[in-house]
Amino acid sequence: MPEIPEPDLAAKVIQVIAQTQRIPAESISLDSTFEQLKIDSLDGINIVFALENEFNISIPDDGVQNLRSVRDTVNGVASLLKQKSEVVPPGVA
Amino acid sequence: MNRVAVTGLGLVCALGNTVAESWDSLSSGVCGIRPLQDGGNPAYKFQKGAEASSFNPSDHFTEKELVMLERFAQFAAVSAREAVKQSGLTFDGELGDKTAIIAGSSVGGQFAEEEGYQRLYKDGNPRVAPLTIPRTMANAGASRISLEFGIHGPVYTVATACSSSNHTIGQAFGMIRGGQVIAAIAGGSEAVFSEGLLRAWEAMRVVSPDVCRPFSADRNGLSLGEGGGMLVLEDWEHARKRGAEILGEVVGFGMSSDAFHITQPCIDGPAKAMRWALADGGVAPDQVNYINAHGTGTAANDSTETAAIRTVFGEAADSCLVSSTKSMHGHTLGAAGAVEAVATLLALRHGLVPPTANFRTPDPACNLNIVANEPREANLMFAMSNTFAFGGLNATLVMKKA
């Protein structure tokens with residue numbers, strides 16, 4: 001999977017949050033905190049579930065607990081995507 | 001012991017989204033059992049049901065709320081809103097602590113559960129949606145009502161199949177009578193039209209391929225229905241002092257278990273529930289003017305219920321009017337007791353017995369004073385409402401005109 005450029009990734013994450021929370025994407029910025037967006041813990045697990053599906057990643061439980069803002073979420077997803085791209089599939093190298 | 005007034009009613013069913021809409025149909029014998037919106041593929045053996053097809057969830061909840069609320073919980077909340085609004089109660093201060101919510105449902109939220117199973121077993125996807133548990137839990141309706149009104153007293157769910165809602169109303173009645181709470185929202189809800197549930201009912205071979213015809217000689221099964229019913233019950237003196245309109249009174253409750261067979265009905269258990277409900281209310285059989293029967297429309301239920309009524313009422317059964325409103329709103333399972341308690345209270349209030357629709361031929365095995373097809377005006381003082389559940393669990397309410 002090719003690496004997703006940062007701005008596109010942020011837009012995609014925001015889209016997922018917007019869909020899950022049933023709120024307009026325009027109301028979400030990179031600097032929005034979950035508190036501002038009224039995202040509670042239950043909403044959080046819903047968003048994580050949707051992100052895992054969207055990016056085909058697995059977000060660990062301890063990673064979930066540290067998420068406080070959209071920026072945290074984008075950075076977390078970016079780092080998981082990076083890890084994934086570094087794992088060289090057998091037979092490819 | 002405190003007397004127990006009914007000060008609010010709420011109803012969502014195939015006949016309407018409010019008590020008033022539903023009563024229009026109930027009081028004129030209109031049958032709400034219609035062709036299914038989704039007849040299944042391959043087609044179900046039955047193609048009719050009493051769906052609440054005019055119920056539009058987004059009229060009542062935001063899109064975000066609907067993510068959390070299964071259809072059965074929506075029915076519970078919407079019928080509770082109507083009942084609470086009519087009662088005029090607000091739950092600030094002490095009343096919030098001294099109010100109970102008891103909401104029945106046979107199976108809770110099946111749609112999320114079936115969606116999860118589909119992912120797991122059909123799609124081979126081990127990732128099940130995170131809200132599956134809170135959507136599915138049978139107390140989702142009770143908890144939603146508690147959150148919505150800020151009610152902090154005893155809140156719980158009863159799941160005793162088709163007797164769920166008579167059990168909830170009976171328990172609320174007992175709690176107010178004994179002074180444990182001042183008021184209660186009691187009733188139940190059910191949303192049966194999911195593929196898994198319909199296939200399971202199909203396999204039981206108890207659903208009519210046509211429409212249910214309770215007590216009619218040519219009856220051939222029940223008709224499934226969905227919806228919710230809620231009653232606000234209130235300490236009589238509390239209601240009187242605040243000048244609330246009292247819509248009726250719950251006077252007696254009886255419950256029993258057949259301990260006979262898991263699905264096959266018997267005479268003794270239902271007879272006990274009726275007898276005990278009458279004794280509980282200090283009501284003699286010949287004082288009861290109307291019985292809203294369990295009357296499912298299966299061969300076994302209706303003849304057994306007839307025999308049980310005959311056992312308890314003796315000759316007084318001849319003068320007691322009997323109907324099954326399931327012929328109009330279908331068998332709403334965990335909501336049945338509540339939907340039918342609302343119908344019974346409205347019958348008392350209006351002096352009008354809603355009929356057994358779809359009735360064609362008298363059955364000697366159902367030799368009761370059946371109000372068939374046309375509503376009947378009558379001077380009603382006491383009425384009884386029966387529910388008999390799979391598992392052999394019987395619950396009977398006795399209500400009085402206010």
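## Close-up views of a two-chain predicted model

**View 1. The interface between chain A and chain B.** In this view, 9 residues of chain A are in contact with 10 residues of chain B. The model shown here and in the views that follow is a predicted one. About 940 Å² of area is buried between chain A and chain B, and carbon and sulfur atoms give 58% of that area. The rule for polar contacts finds 5 residue pairs across the interface of chain A and chain B, with both residues at pLDDT 80 or more. On the side of chain A that touches chain B, helix α2 (residues 41-55) gives the most, with 7 residues. Sorted by class, that side of chain A has 3 nonpolar, 3 polar and 3 charged residues.

**View 2. A salt bridge between the chains.** Side chains of opposite charge can pair when their charged atoms come close. Between chain A and chain B the count is 3 salt bridges, and a salt bridge is also formed by B:Lys64 with A:Asp43, whose closest N and O atoms are 3.1 Å apart.

**View 3. B:Pro130 and its contacts in chain A.** B:Pro130 is found in chain B, in the loop between α5 (110-122) and α6 (132-136). When its neighbours within four places in sequence are left aside, B:Pro130 is in contact with A:Ile45, A:Asn46 and A:Phe49. As a guide to distance in this view, the C-alpha atoms of B:Pro130 and B:Ala191 are 21 Å apart in space, while the two residues are 61 residues apart in sequence.

**View 4. Chain A on its own.** The secondary structure of chain A comes to 4 helices and 0 strands, and the pattern read along its sequence is α-α-α-α. Chain A has 93 residues, of which 39% count as buried. Among the contacts in chain A between residues at least 6 apart in sequence, 60% join residues that are at least 24 apart.

**View 5. A salt bridge between two loops of chain B.** B:Asp218 and B:Arg360 form a salt bridge in which the closest N and O atoms are 2.7 Å apart. B:Asp218 lies in the loop between α9 (195-204) and β7 (227-235) of chain B, and B:Arg360 lies in the loop between β11 (352-353) and β12 (369-370) of chain B, so the pair ties together parts that are 142 residues apart in sequence. The relative accessible area of B:Asp218 is 25%, and this residue is partly exposed, whereas B:Arg360 is exposed, with a relative accessible area of 54%.

**View 6. Further salt bridges in chain B.** Over all chains, the count comes to 25 salt bridges. In one of them, the side chains of B:Arg213 and B:Asp210 meet at 2.7 Å, N to O; B:Arg213 is buried, with a relative accessible area of 8%, whereas B:Asp210 counts as partly exposed at 25% relative accessibility. In another, the side chains of B:Asp318 and B:Arg310 meet at 2.8 Å, N to O. B:Asp318 is partly exposed, with a relative accessible area of 46%, and B:Arg310 is also partly exposed, with a relative accessible area of 23%. Elsewhere in chain B, a network of salt bridges links B:Glu65, B:Arg81, B:Arg144 and B:Glu148.

View 7. Over all chains the count comes to 0 disulfides. B:Cys13 is in no disulfide, and the nearest cysteine sulfur, which belongs to B:Cys31, is 11 Å away. B:Cys13 counts as buried, at 1% relative accessibility. For B:Cys266, the closest cysteine sulfur is in B:Cys162 and lies 15 Å away, so the two are too far apart for a bond. B:Cys266 is buried as well, with a relative accessible area of 12%.

**View 8. The surroundings of B:Thr296.** B:Thr296 has its place in chain B, in the loop between β9 (288-292) and α12 (299-313). With a relative accessible area of 6%, B:Thr296 falls under the 20% limit and is therefore buried. Not counting residues up to four places away in sequence, B:Thr296 touches B:Cys212, B:Gly221, B:Leu222, B:Asn301, B:Asp302, B:Lys326 and B:His331.

Technical notes. Residues numbered from 1 in each chain as written. Chains lettered and ligands numbered in written order. Predicted model: local features only at pLDDT ≥ 70, side-chain atom pairs only at ≥ 80, totals over all residues. Heavy atoms only, no water. Salt bridge = Lys/Arg side-chain N within 4 Å of Asp/Glu carboxyl O. Buried < 20%, exposed > 50% of the residue type's maximum accessible area, 1.4 Å probe, protein only. Contact = heavy atoms within 4.5 Å. Buried area = accessible area lost by both parts, 1.4 Å probe. Polar contact = N/O pair within 3.5 Å; in protein donor to acceptor, adjacent residues only side chain to side chain. Nonpolar A, V, L, I, M, F, W, Y, C, P; charged D, E, K, R; others polar. Disulfide = S-S within 2.5 Å.
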